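Try each task before you read its solution.

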Amino acid sequence: FVGILVSGLILSAAMGQKAEGEIVQRAEILIQTMNAVRTYTSENVGPHLTDDLAEASVFIPETVPAYSAREVFEEFREADEYKDFLYKEATLNPTNPRDQADEFETQVVNKFRDSSELNELKGYRKVDGNKLLYISRPLKIEKESYLECHGRPSAAPRSMRTTYGTENGYGWKLGEIVAAQTIYVPSSQVFVEGNRYLLLVVTIFISVFAIVIGLINRLLKTTVVNPLSQLNKLIRDISLGQRVTLPDSSDGSTALSGLTSRTDEPGQLARAFEQMANEIVLREQSLTHAKESAEAT
């Protein structure tokens, strides 16, 4: 039972790590997908709407890679496996206030800025008392086209200045890391996934354990319990004066022949008992003959 308990604890931890690893992998795939959406929006959607964007009185959000990525991500959340996932491009100086990085996310962005070789950060954080698993990757200004809306306010589309103002979201520079592309997953989902894997493995483990115990039980009955029961019965028969060891048939077999032919411990015990019983029977026969001779004289 101690072994099973320890194995269960180790198994539970392993399943938790497996669940976390799977969720992280799914999150990383989502981030790659969002980056593909961002690239497509920047290279294909935005250029086709440049004239409309310049003349429109209301800003066209579909020209913004971050907006497109966020909308596509919401489509993913329609599926049960992604419904608890959250996506945020946590930005230090965003155009849209909803993308404003909080204190924790600001530290993440600064870590990416401090280490150019750092491509990903992941771990846990608490938000309003809830523990969240996060996976973050840096967002860098890699193309001049990104600066058309985030360089000088005067160069930005009039509709963008009208919608978001001229105070925030400007002054970005080529090569600058401006945001942490982050996916959040409640730790409760990791726990649920871990329990699902654990239940599956425990079910298999218990089934295999039950089969093994059944086979061991059957083996013990065949090799130990039944032979000892038979030997015990023969001992009772001898105590009642029945002859059970000397040959009682033409082939020379005795009541113990089935046991004495075995090579295991019960067989050794049976042979020792047979030898002892034979000595007792022979001694009783000698005493009987002596008594008969004495009575005859």
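**Exercise 1.** Sort the lining of the largest pocket into nonpolar, polar and charged residues.

*Solution.* Start with the classes: Ala, Val, Leu, Ile, Met, Phe, Trp, Tyr, Cys and Pro count as nonpolar, Asp, Glu, Lys and Arg as charged, and the others, Gly among them, as polar. Then count: the lining has 22 nonpolar, 9 polar and 7 charged residues. The model is predicted; local features need pLDDT of at least 70, side-chain atom pairs count only at pLDDT 80 or more, and totals for chains, interfaces and linings use all residues. Residues are numbered from 1 along each chain as its sequence is written, and side-chain values use heavy atoms, leaving out hydrogens and water.

**Exercise 2.** Sort the lining of the second largest pocket by class, and find which element gives the most to this lining.

*Solution.* First, the classes: 6 nonpolar, 6 polar and 5 charged residues. Next, the elements: H1, S3 and S4 each give two or more residues. S3 gives the most, with 4 residues.

**Exercise 3.** Is Glu105 buried or exposed? Find its place and its contacts as well.

*Solution.* Step one: Glu105 sits in helix H4, residues 103-114. Step two: its relative accessible area is 3%. Buried means under 20%, exposed over 50%, partly exposed in between (1.4 Å probe, protein chains only). So Glu105 is buried. Step three: set aside neighbours within four places in sequence; Glu105 is then in contact (heavy atoms within 4.5 Å) with Lys88, Ala90, Gln100, Arg125 and Tyr184.
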